[in-house]
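Please look through the sequence and the structure before reading on.

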Amino acid sequence: MTNTAKGAVTFESLGLGVATLAAVADMGYARPTPVQERAIPLVLEGRDVLAGAQTGTGKTAAFVLPILDRLPHAQNGSGPLALVVTPTRELAQQIQKVAQTVCEHTGHRAVVVVGGVGYEPQKDALAKGCDLLVATPGRLLDLVEQGCCNLGEVESLVLDEADRMLDMGFLPDVRRIVAMIPTRRQTLLFSATLDEKVLGAVGSLLRDPARVQIAPKGTVAKTVDQYVLGVTAQAKKRVLVEVLRREGSDRVLVFVRGKHRADHLCRVLRQKGFGAAALHGGRTQSQRTHALERFASGEVGVLVATDVLSRGIDVSEVSYVVNLDVPHDAEDYVHRIGRTGRAGRRGWALTLCSEPEYLDLRDIERLIKRVIDPYPNAEGIDCGQPPFVPDPKRKWTDRLPGKKARKRMRRK
Ligand code: AMP
């Protein structure tokens, strides 16, 4: 691998071919991200790879580029030769988008099959033959069972967001899919975390894998400034409206707990004159796609989302993230705020925390190993009565009450 004068690794130096490099130029990527820098040469060598990398690190291109770079072309009506299995439709569509750009240069055919939409167009696409198939597990198995898809030619397999697939109960489906693929294959596994749970469940599907670890659990991108503001539960929506007025309401992502709350917040924001769209698991696929498109194009400035989709949202240049509710699961916090400050740009995130949510906030601070700074622009905002101010002397190393003690506290 050769370096440029400044010492930075380039895409050219990773061993990618001319067509793939033209696709990289099309996508506007100047330099490889760390996961691309490490994974691309390994994939090109044909190695199996176990990569610990979250969304936002550039992991999609880290597997799409080298796989298509070395992939043969399927005979008419056959294939797929490479398969990417991913947990959600949104992720599948994002991967397909990157794959499509590369295919335009390499001449491959990429097909995506996901649930929630009609079967026929997907069957037609498969019948024409495909080189790379991007799929969610359930729909893929349906199509295989209906005889519309044969996995016997797959040479490269990617298990994307493996930890998420396990959490969503896809392990039996994934095992069934892998059992249909020849054992002589290249396998790449991408997961936000590479812990015992993941490795125990699917680690044995890889052969002598090279390990690439980018973001250890709880690592927040250094490009995201994080703030917290103590508020009452009743004051939250009002505070959000004030923050949007002060900080701007263009390309803002707001996370809330629950789909009803998301819909209600959208209505409130629209009444206050903000353009807002909701993205949650209760919406149909076309509604979700429509909401994402309206946000991406700038037609609506505020996207209100639930955690179901916190990992699936790929919109570049989110100006800031607001957590209207503190997530119960500290890892969700990391994913939520990872939607801003992507690919080297600076971003910031504000969490509105009420007293009952304080322990969840402390859990997050323990995970990220730091205390979140107070929101510096809070002066004059009515945060409700009685005021709630997170203890300024708290330390992330403080011992916190365990599960039983918390239950007792909640009963009081
Ligand atoms: P991912 O982790 O694959 O979800 O990618 C996160 C975001 O980073 C996407 O919006 C990509 O378009 C962007 N991205 C990926 N690789 C690069 C790169 N080398 N340079 C700049 N942006 C990138």
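This is a predicted model: local features need pLDDT of at least 70, side-chain atom pairs count only at pLDDT 80 or more; totals for chains, interfaces and linings use all residues.

| Residue | Protein atom | Distance to a ligand oxygen atom |
|---|---|---|
| Tyrosine 29 | side-chain N or O | 2.9 Å |
| Threonine 57 | backbone N or O | 3.1 Å |
| Threonine 60 | side-chain N or O | 2.6 Å |

**Helix packing**

Two packed helices are described by the angle between their axes and the distance between the axes. Helix α2 (residues 34-45) packs against helix α3 (residues 59-70) at an angle of about 25°, and their axes are 9 Å apart. Angles under 35 degrees count as roughly parallel, so α2 and α3 are roughly parallel to each other. The crossing of α2 past α3 is right-handed. On the α2 side, the contact is made by Val35, Gln36, Ala39, Ile40, Val43 and Leu44. On the α3 side, Lys59, Ala61, Ala62, Leu65, Pro66, Ile67, Asp69 and Arg70 take part. The residues of this contact between α2 and α3 comprise 10 nonpolar, 1 polar and 3 charged.

Helix α4 (residues 89-106) and helix α12 (residues 285-297) pack at about 55°, with 11 Å between their axes. This angle makes α4 oblique to α12. The crossing of α4 past α12 is right-handed. Arg89, Glu90 and Gln93 of α4 meet Gln285, Arg288, Thr289 and Leu292 of α12. The residues of the contact between α4 and α12 divide into 1 nonpolar, 3 polar and 3 charged.

**Backbone features**

Most residues other than glycine have a negative phi, and most peptide bonds are trans. The peptide bond from glycine 79 to proline 80 is cis, with omega near 0°; proline 80 sits in the loop between α3 and β2 (82-85). Another cis peptide bond runs from glutamine 385 to proline 386, where omega is near -10°. Proline 386 belongs to the loop between β14 (373-374) and α15 (403-411).

Aspartate 208, a residue other than glycine, has a positive phi, near 45°. Aspartate 208 is placed in the loop between α9 (196-202) and β7 (210-213).

Notes. Residues are numbered from 1 along each chain as its sequence is written. Side-chain values use heavy atoms; hydrogens and water are left out. Axes are lines fitted to C-alpha atoms, for helices over the stretch in contact, and angles run from 0 to 180 degrees between N-to-C directions. Helices (H or I, at least four residues) and strands (E, at least two) are DSSP runs, numbered from the N terminus. Angles under 35 degrees count as roughly parallel, over 145 as roughly antiparallel, 65 to 115 as roughly perpendicular and the rest as oblique. A crossing is left-handed if the near helix is turned anticlockwise from the far one by less than a right angle, and right-handed if clockwise. Contact means heavy atoms within 4.5 Å. Ala, Val, Leu, Ile, Met, Phe, Trp, Tyr, Cys and Pro count as nonpolar, Asp, Glu, Lys and Arg as charged, and the others, Gly among them, as polar. A polar contact is a pair of N or O atoms within 3.5 Å; within protein, one must be able to donate a hydrogen and the other to accept it, and residues adjacent in sequence count only if both atoms are side-chain atoms.
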